[in-house]
Structures are given as structure tokens and as C-alpha cells.
Amino acid sequence: LQGIFVLGLPYALLHSGYSGLLLIVSAAALCCYTGKILIACLYEENEDGQLIRVRDTYEDIANACCKKLSPNLGGIVVNVTQVVELIMTCILYLVVSGNLLSHSFPYVPVTEKTWSVIAFVTLLPCIFIRTLKIVSKLSQLCSLVHFVIILVVITYCLTQMHQWSWAKFRLSLEFEDFLVSVGVIIFSYTSQIFLPTLEGNMKNPEEFRCMLNLTHFLACILKTTFALTAFLTWGEKTKEVITDNLPSFLETLVNLCLLTKALLSYPLPFFAATEIVYSCVSKGNHSSYRSPLLALAVRGSFLLLTLLMAMFTPHFALLMGLSGSVTGAAMTFLLPSLFHLKLKWNKLSFLEKCVDISVFILGFLCSLAGVVCSIKGLLEVFG
């Protein structure tokens, strides 16, 4: 999903101007920070002052925070939020795949929904994915395709340097347009859902913080370069998805690359969502897979659910924005800062407490603004 959001960054700069460049940098720092404090909640100090990993998942952190109210309340809320966000992401990939196929082969008399079904058929092997190792291989290929797309766009933009002008940047901002930019930029960095599993599967977990710093720094540099060069090239003509600005011969090539990326991206959120559900159904025995038929049933049901929602949900983009404003902000800003304050309050300095509270407030405001804009869009669509 981050790759799809990245393609909207030049459009975000169109509406945010110079502040958009600052947003790209600050969003990287904020998301990196919330990733660190989320992982910190997995650990507690023993009697010798050594950090020991006492929790494994986002769910475990939530249960630890809410155990006085109910032993499982926090975990249920987090699991529902995670599954909703992950499933919506999977549906988005199917919708995008159908759209890309439709635009890549306009001469074929097939509807966009039929193309989504064709894309769905290629994803059927996902029900047999049982380990994160397979998903990681697919994600590596996805990253490679992503870099090809970015390279093609940036290379073309560099050939148009003669028409660049800083005068294209806006100084005055419209509030609603600015909120759209904030949503696109912030959620191009979100990855908190996957971090506990990722850190737990690292050969050297002590290198996690360094890895997070490096990846967010590189992502910030790449996204700033990409958004800046593309916006300077097209200025006021910048479209919502920057590939639509490319010449036709490059647009078809990039659309096919995007299709490949969307299909390769699908297994990660799909695997994460089914693992959450299967672990709940099998009461924590998901790693042993004692019931392979149950695992297949869960994966098959989720795969079919994503297709049905992609086919029959009207105005999916607006619904995605509404759910993303709630679940995305919650998982990225609200819950990590809240859990960190709850579990580490006595060990945090005054400055750290202030930072966590500020992040929580920022997440709440982003979520509220996104919900208001999405509901307003839905009301306009339905008259």
C-alpha cells in the first residue's frame, strides 16, 4: 500500500506546497518513533535490569494495558482494528488491479470488475501460504518492482529539468486540500501492524532500532526526491496518480509494473489478517497448524471476502478513506503512544511523556479530520 500512496505524493505537494516537504520529513520521524515505542512495549526489565521480551504481538500489548478492565478486551479491539485495516488493504489491491488492467488493455471488451476477478484468480495460491518466509520473498520482489517504477518516473522527470520552476509551489493553502495531503503523506509510512512480527523474526532483534532509523531515513529521501521531481515537472497539471501524467508509451509500462506490485503486495496483509483470525480461532495454536483444514477454510473465506467486497461495495475509495482514517491513525499514532504511556509511565522522563501525549493528540486530530472529510464526501455522493 505504501507504494500506491507514494504515487500520490506529488499530488499532495500540489495541495500543500512547501509545507508538504516538511510533512514528508516529519511524518517519517513520527512513524519511526511510534514504531520504536510500540516495540518497547514488548519488553520489561527483569530483576537484573535486563530487557526481556515478555509479549509477542500487538494483541499482547493491548491485553497488558487493559487487564484491569478485562483480560481480553484490549486484544479484541486491536485484533478487530488490525483485521479491518488489513482486509481493506487487500480489497484495495484487487480494485487497483482491475483498474490497472482496464487502463492497460482498453481495447479488450471486459469490464473493470471482470478484470478484478481475473486478478483474483492469480491470487488463489495465497491460501497455501503457511509461513512468513514465503511472504518475505514476495515482498522482496514487490520492493524491486517498486524501485523500477520510481526509477522510470524520476528518470523521465530529469529529462524535463529545463522546464522546472520553484514558482510552481503554492504559498497559500486551503484547509481541506491540506488535510488530504496530510493523510496521503502520513499513511505512506505506516507499518506498525507488521513491526512486532518483524522484530520477533529478526536474527538480531537488538538491531531493530537501527534498522527502523535507516529504513525511514532512506524512505524519506526517496519520497522527497520522487515527489519533488515529479511536481516540478508537471506543476498544476499534476494528477492524483502521477503515472497518469506520463506519456502513453511509459504509462502502459508503469501500469503493468504497478499491477505486478499490487499482486505481489496482496499476500502480506492477507497473511497477517488470516494469522490473526486463525490464532484467535485456534486459541493460540496457529504456529503448529494442527488443523490444516481450518487454516485453509479461514484463508479461503478471507480471499473470497476480499473479492466480494471489491465487486459489490459502492464508492469503495471513500469507505477506504473513512476506515483508514480511524484504523490507520489508531494503529499508527493513538495506540502506540497510549500503550507506551500506560506500560512505561514510571520509567519515562517528563519530555518523553510530553512527546507521547503530543503524538496521541496529533493522531486524534488526523483521525477526526479524515473522518469528517470522508463523511462529507460520502454525503455528497449520496446526495
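## Side-chain packing

Among the 102 residues of the largest nonpolar core, those that touch the most other members are Leu94, Phe226, Tyr266, Phe302 and Phe339; a nonpolar core is a set of buried Ala, Val, Leu, Ile, Met, Phe, Trp, Tyr and Cys residues joined through side-chain atoms within 4.5 Å, where buried means under 20% relative accessible area, exposed over 50% and partly exposed in between (1.4 Å probe, protein chains only). Helix H5 (residues 73-104) supplies the largest share of this core, 13 residues, helices (H or I, at least four residues) and strands (E, at least two) being DSSP runs numbered from the N terminus.

This is a predicted model, in which local features need pLDDT of at least 70 and side-chain atom pairs count only at pLDDT 80 or more, while totals for chains, interfaces and linings use all residues. Residues are numbered from 1 along each chain as its sequence is written, and side-chain values use heavy atoms, with hydrogens and water left out.

Phe226 has contacts (heavy atoms within 4.5 Å) with Val6, Leu7, Pro10, Ile150, Val153, Ile154 and Ile242, when residues up to four places away in sequence are not counted.

The whole structure holds five aromatic pairs, a pair being rings of Phe, Tyr and Trp (its six-membered ring) with centres within 6.5 Å, called stacked if the planes are under 30 degrees apart, edge-to-face if over 60 and tilted for the rest. The rings of Tyr58 and Phe339 have planes at 75° and centres 6.3 Å apart, so this pair is edge-to-face. Because Tyr58 lies in helix H4 (residues 58-66) and Phe339 in helix H14 (residues 316-344), the pair ties together parts 281 residues apart in sequence; both Tyr58 and Phe339 are buried. The rings of Tyr156 and Trp234 are stacked, since their planes stand at 15° with centres 5.9 Å apart. This pair links helix H7 (residues 132-158), which holds Tyr156, to helix H10 (residues 208-234), which holds Trp234, across 78 residues.

Two lysines lie over rings, which requires NZ of Lys or CZ of Arg within 6 Å of the ring centre and within 35 degrees of the ring normal.

| Lysine | Ring | Distance from ring centre |
|---|---|---|
| Lys223 | Tyr189 | 3.7 Å |
| Lys353 | Trp345 | 4.0 Å |

With a disulfide taken as a pair of cysteine sulfur atoms within 2.5 Å, the count is zero. The cysteine sulfur closest to that of Cys65 belongs to Cys66 and is 6.1 Å away, too far for a bond. For Cys157, which is buried at a relative accessible area of 0%, the closest cysteine sulfur is in Cys257, at 16 Å, again too far for a bond.
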